[in-house]
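This report describes how the parts of a structure meet one another. Please view the sequence and the model before reading on.

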Amino acid sequence: MTHTLHRIGSAESLKEDYVVLVMPSKDINHEGSGPKLRRFLKMALEAGAVKIGDARLGNQYHQGGIDNLLNNVEDRAVVHGVFKDQDALIRILQDLKAAKLGLSVVVSGLFDEVEACCNRTGLKGHTINQSLGRWGRTDRLPPQEILEINTMCGHGMVTVGLIEEVIEDVKNGECTPEEGGERLFKPCMCGIFNPHRAVKLIRTLAEKGD
Amino acid sequence: MQIDPDLCTGCGQCLPYCPVNAISLEEDVSEIDLDECAECGNCLRSADCPVDAIYQQELVWPRTVRSIMSDVLTIAVESGISGRGTEEMKTNEVTGRFKLGFAGVAIEVGRPILGTRMYDVEKIAQAVAQLNVEFEKINPVTSMMSDPKTGKFKDELLNEKVLSAIIEFGVKLEQLPELFRILEKVAGEIETVFSLDVATRIGPDGTVPTASYIQDAGLWIAANGKTNVGLGRPLYQEKTQ
């Protein structure tokens with residue numbers, strides 16, 4: 001499951017895009033993990049997460065609200081918080097270190113920035129996962145700026161057609177970039193799409209014109 | 001997925017939600033091309049059809065693999081988790097799955113955007129099987145192979161379309177150059193794309209053991225990725241002592 005890997009973008013844009021995943025391991029520490037996962041999600045909200053999500057049961061819209069998302073977390077879930085800056089990332093890492101949940105924590109983001117945040121909190125990377133990009137018929141892919149939005153949902157639920165529709169609607173004044181970002185978040189069932197970053201990308205594309 | 005033509009009003013609201021453009025408007029009614037549909041469920045869940053015309057038909061083998069590989073909320077029996085992959089490096093500090101001197105490799109065929117037929121997945125799996133790799137047993141893709149030693153898939157699956165399929169295995173670090181050569185060759189023989197990633201333990205001195213292999217091969221590498229910060233317990237080392 002590599003759904004937070006392979007995000008595309010400039011360093012400037014990716015500096016506003018971090019996902020913190022927390023998960024148990026099957027048959028090692030998954031029993032009784034549900035309450036710990038729930039605790040992380042609450043900590044993430046307090047630390048300023050843009051979004052929280054649950055890859056097992058769906059995002060806040062699919063589950064009928066944040067309270068349901070929190071209440072429904074199961075033992076085998078993979079849950080996330082999406083963060084937009086280093087300050088919030090440092091805070092959640094500090095809180096996770098102090099909480100000693102005993103569950104695995106993975107941070108997706110620019111390696112140098114994540115390492116700097118880990119250093120500030122006394123954490124060290126154990127294992128990393130590197131993206132070597134896209135291979136094969138890359139000539140069939142849409143332009144880079146569309147991919148930058150699309151790849152924020154690793155499962156491909158934020159489709160090219162929907163992205164283009166939202167950009168067109170913003171261009172025509174039928175919705176704001178913020179409303180557009182939220183519309184794009186909804187199909188991302190895991191809730192790892194970063195609408196904060198999307199708003200900036202949508203605004204730029206809408207202003208670019210045809 | 002299917003759309004009831006008697007209910008559909010042809011508003012077209014569902015069209016942009018299909019990641020593989022399998023929905024079209026035919027004579028003012030939306031229609032799903034079942035051969036192209038990957039059964040991801042996105043239109044049913046997110047398009048908010050005003051007349052509830054979209055419905056999930058009963059899926060039977062081999063079409064069921066489309067849902068397993070494409071619908072994020074389907075729980076794979078093999079891994080026990082949602083999505084099409086495994087815990088991979090995310091729990092490595094407690095599982096010890098990827099040890100020093102080794103790299104975990106994931107080839108996600110069809111990602112991003114294009115999706116894939118399983119015959120392209122087989123083509124890549126058979127190519128990397130030349131390295132005598134052991135495909136990850138709990139990855140649902142491995143269970144679709146009729147011969148995991150050669151990367152041969154069950155014949156009835158080959159034309160099935162999925163959003164993506166992850167071929168997952170481990171290699172010794174010194175096998176990476178040959179793996180990259182094999183992938184460069186097979187990349188020219190497929191109809192779709194794949195996203196490639198490698199996972200590795202960070203060395204005791206903070207170095208990344210895969211870095212020199214990637215650099216020597218002249219490959220592009222992303223500045224962003226995933227870092228497991230080692231907070232899971234019990235640690236694998238502790239468990240084995």
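Two strands pair if DSSP finds at least two bridges between them. Strands (E, at least two residues) and helices (H or I, at least four) are DSSP runs, numbered from the N terminus. The model is predicted: local features need pLDDT of at least 70 and side-chain atom pairs count only at pLDDT 80 or more, while totals for chains, interfaces and linings use all residues. Residues are numbered from 1 along each chain as its sequence is written, and chains are lettered from A, with ligands numbered from 1, in the order in which they are written.

Strand S5 (residues 127-136) of chain A pairs with S11(B) in the antiparallel sense, over eight bridges. In this pairing, A:Thr127 stands opposite B:Arg201 of S11(B).

The contact between the chains takes 69 residues from chain A and 66 residues from chain B; two residues are in contact if their C-beta atoms, placed from the backbone, lie within 7 Å. On the chain B side, S11(B) gives the largest share, nine residues. The elements of chain B that give two or more residues to this side include those below.

| Element of chain B | Residues |
|---|---|
| Helix H1 | residues 42-46 |
| Helix H6 | residues 176-187 |
| Strand S11 | residues 193-201 |
| Strand S12 | residues 224-228 |

Within chain B, an automatic or database assignment sets the domain bounds, giving domain 1 (1-57) and domain 2 (76-223). Their centres, taken over C-alpha atoms, are 32 Å apart. Five residues of domain 1 of chain B are in contact with five residues of domain 2 of chain B.
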